[in-house]
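Dear colleague,

Please find below the structure that I am handing over to you.

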Amino acid sequence: MTRVLRGLAVADFKDRVRRPAYVVTLAAAVALGFLAVPDSGSRWVIMQLGDHRGVYNSAYVGTATALACGLWVSLGGFYVVRDSIGRDRRTGVGQLLAATPMRTWAYLAGKFLSNLLVLASMVGVLAATALVTQLVRGEDMRVDFFALWQPFLLLAVPLVALPAAFALFFEALPLLRGGLGNVLWFCVWVVLAMGGQGPGLPLGGIGVNGVAKSMYEDLLAQKITVDGAFSLGLTYLDEPLQVFNWHGFTPDAGYVLARTAFLGIAVVVALLPALWFRRFDPAHGKRPAGPSQGEASAGPSQREAPAGPFPSGFVDEAPYGDEATRSAAGGRGSVLALLRTPPEQGRVLLRLWAGELRILLQGVSKWWWWGAGLWVFLGVCSPVPGATRLMLPVAWLWPVLIWSRLGTQRYEHGVDGILGAYPSTHRRVVAEWAAGVALTAVAGLGPLARLVVAGDAAGVACWAAGALFVPSLALALGTLSRTHRLFQAVYLPLWYTVANGLPVFDFMGAIRIEGQPAGLPPAVVLAVSAVLGAVVFLTGAVRRIGTGSMRRLGTRAN
Amino acid sequence: MSVLQLCGVSKVYKGGKRAVDEMTLHLGPGMLGLLGPNGAGKSSLMRIAATVTRPTSGRVVFQGEDVVAKPNVLRKALGYLPQDFGVYPHLTAREFLRYLAAAKGISCRSATARIDELLELVNLTEAVKRPLGAYSGGMLRRVGIAQVLVGDPQVIVVDEPTAGLDPEERVRFRNLLSDLGAEKVVLFSTHIVSDVESVASDIAVVAGGRLLRRGTPEALLGEVDGLVWEAVVDPAAVPEVRARYAVSRLVRTKDGVRVRLLAPCRPYEGAVRVLPDLEDAYLHVVNGAVGYGGSDRSTPGPAAVAGGVAR
């Protein structure tokens with residue numbers, strides 16, 4: 001059994017780390033590793049104890065990097081390890097595995113191990129980064145490897161075990177298999193990262209509290225008065241922090257047990273789906289009228305027999321152009337005689353836009369529309385401050401799963417095989433972007449109406465810039481990654497900063513000071529949108545050079 | 001007269017894999033069947049011809065224009081059906097085709113009428129209200145062929161179109177391609193010899209990224225005339241037979257194993273010369289490229305022979 005688990009986990013791990021998403025997330029984590037230990041003159045910090053921070057010795061650098069990056073990897077890493085079961089389902093590997101004697105729990109355990117290996121490998125790279133950071137900062141050149149790397153083992157690894165497990169758990173639940181699971185994980189992560197730092201939590205929360213307590217004890221021992229509390233998260237400083245010498249944290253048996261229990265919880269969460277996961281039996285569960293996203297993206301030759309309510313063989317048994325129609329077409333023998341209307345060239349931009357809008361909104365449930373309608377209604381009814389501060393962020397969170405389709409659908413459904421030989425590449429991109437803008441505008445219609453009625457020109461300008469920015473971001477990230485997940489992983493934290501009242505990233509004009517928008521100026525948001533638009537076209541050009549795809553050459557030719 | 005020309009086209013992928021090697025093909029009206037084993041470079045060549053993939057070197061010329069530099073010139077006159085393609089599962093066939101017609105730049109009025117005619121042609125009229133996600137593989141092929149014809153193309157490129165279809169649907173599809181070939185330039189790739197045999201008057205055999213042979217079915221058959229033999233051999237001798245000759249068929253009978261093979265002279269005592277078919281000709285061309293038959297082909301293997309049979 002050990003061999004089976006190892007084989008499954010290693011094969012899956014290799015497949016995963018060869019994907020661009022792994023490299024991108026890892027690069028972001030390494031960058032954050034350096035950010036976690038900023039230069040002594042910096043005005044920002046990731047970890048602080050009131051107005052103090054530790055001298056950059058092995059213990060402090062290791063702990064700060066492990067905590068900051070553990071939190072990041074537990075968020076971004078979830079989106080990297082997501083879809084391992086889905087991929088097996090789509091590629092058909094799942095059915096091959098289902099036909100082996102391997103038990104369901106063993107399959108899940110192998111997948112969990114693989115997820116954990118992927119995220120732990122990131123933690124490993126960050127541990128090496130911490131060593132480099134300590135030497136680069138040069139405040140204390142003595143390297144204590146135990147003090148430097150122990151936090152990665154005790155703090156970061158148990159933390160990243162949770163997304164490794166929840167990614168599997170969500171995939172085993174049909175409702176959370178798609179974008180809803182991605183959004184939910186962001187919420188879970190916010191609760192975990194923010195709420196898990198407090199004292200008196202079961203199992204010591206995410207383990208930060210014990211570390212903070214050790215720092216306080218060292219400060220007291222050095223008779224230093226602290227102004228403020230322990231803080232973990234990007235903070236801007238008015239003055240650089242004062243330093244103290246922290247000797248590190250010596251975990252007791254209880255702490256180690258609590259961290260091990262954290263890992264144990266992750267294992268339980270990962271294996272829990274064994275109770276209901278029916279491997280890859282296509283006959284299990286209710287079949288939709290249309291296939292799931294994965295099935296739909298397979299080519300016809302890979303598809304299963306007729307699905308859903310369509311009567312089997314109803315159409316397949318008929319030849320192309322029945323005999324009666326052939327004779328009616330003039331008895332030319334060729335079925336082409338049935339095609340009497342020559343295609344004439346005409347204006348198509350509006351129809352392309354309508355087509356892209358239809359594709360963007362395909363399969364959206366009526367409940368989504370009811371929700372969108374409710375937000376519009378509440379936006380119209382709210383006073384201006386409520387419409388911008390509350391209703392606009394809510395309205396522009398609602399379509400997040402639909403926006404994330406931009407730039408990805410033709411790849412996810414495999415339609416790029418056909419579209420690659422079609423003209424108008426440029427026009428299609430513009431039409432797709434315009435469909436995204438229309439969706440954004442409709443979703444934010446309520447607050448817009450309120451701003452217009454109130455004659456708030458500045459607010460309308462911010463709203464308009466936001467309405468152009470969100471689809472631009474979605475299209476750029478979708479085109480870059482060809483998956484929904486990158487936009488979801490980027491947009492949700494961005495939106496969260498706005499919803500929490502941080503004006504620095506406010507792209508929609510939600511936050512106001514003295515009645516005026518206090519966020520990013522609309523011109524800046526528009527400029528960023530234009531850059532994102534350029535990214536979309538540039539991505540095509542770069543891919544053309546990289547892969548030699550003539551389809552992207554067409555982008556230039558159009 | 002050549003409508004589409006692929007001149008010295010090569011495609012080298014990352015890692016140095018040369019999928020297409022200096023291939024030249026001139027295509028005029030009619031159907032050219034591109035035949036080759038898996039991995040021969042057929043799909044790469046089809047994608048190059050369809051402007052989806054840019055060749056590493058060489059030129060693709062359509063009506064005097066180099067479409068590597070200006071792909072839209074060909075795209076406006078092209079119908080392409082890739083080997084595997086997807087659809088938007090929640091759209092109906094009509095909605096999907098309308099979108100593709102708009103992408104082709106076809107006016108609303110003519111697109112509406114033409115799509116109705118296309119749906120009638122491919123016999124999907126009664127299924128138009130269903131989402132594409134509920135279609136079977138055969139029905140999706142029909143949607144695929146409808147999108148090929150939406151712009152009244154001069155050039156049609158279809159890559160392994162019969163893969164995954166049941167025998168009846170394969171026959172219908174081949175017949176449709178035959179109809180199309182009467183008026184248009186059709187490039188049709190497959191690794192199934194019977195597909196090409198039944199519709200193409202012009203065959204190109206490719207292997208290892210190179211064009212090995214091009215000609216009519218009759219010319220290809222002529223090459224292998226007198227080289228095809230049938231014999232019944234001892235089952236234990238089959239591995240040796242396969243090692244020495246290109247074997248096109250192997251059937252176990254109660255007398256032994258009846259083999260059909262290619263050999264320049266009588267391979268075994270009792271072996272009977274038979275009329276070649278296109279599968280034999282294809283094997284001859286493909287195996288001829290790497291060589292087949294043992295070093296002492298003329299030496300019969302009497303121990304292996306159970307008897308000869310005529311077909």
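A helix is here a DSSP run of H or I with at least four residues, and a strand is a run of E with at least two, both numbered from the N terminus. By that rule, chain B has ten helices and 15 strands. Please bear in mind that the model is predicted.

Chain B contains 311 residues, of which 56% are buried. Its C-alpha trace spans about 75 × 45 × 35 Å along the principal axes. Of the contacts in chain B between residues at least 6 apart in sequence, 72% join residues at least 24 apart.

Helix H4 of chain B covers residues 108-121, which is 14 residues. Does the distance between its ends agree or disagree with the expected span? It agrees, because at 1.5 Å a residue the helix should span 20 Å, and its end C-alpha atoms are 20 Å apart.

The buried residues of H4(B) are Ala111(B), Arg114(B), Ile115(B), Glu117(B), Leu118(B), Leu119(B) and Leu121(B). Among the elements that cover these buried residues are helix H3 (93-103) and helix H5 (137-149) of chain B. After H4(B) comes Asn123(B), which has a positive phi, near 60 degrees.

Chain A, for its part, has 24 helices and six strands. Buried residues account for 47% of its 558 residues. Among contacts in chain A with a separation of 6 or more, 79% are between residues 24 or more positions apart.

Yours sincerely

Technical notes:
Residues numbered from 1 in each chain as written. Chains lettered and ligands numbered in written order. Predicted model: local features only at pLDDT ≥ 70, side-chain atom pairs only at ≥ 80, totals over all residues. Buried ≥ 20, exposed ≤ 12 C-beta atoms within 10 Å, placed from the backbone. Contact = placed C-beta atoms within 7 Å. Expected span 1.5 Å × (residues − 1).
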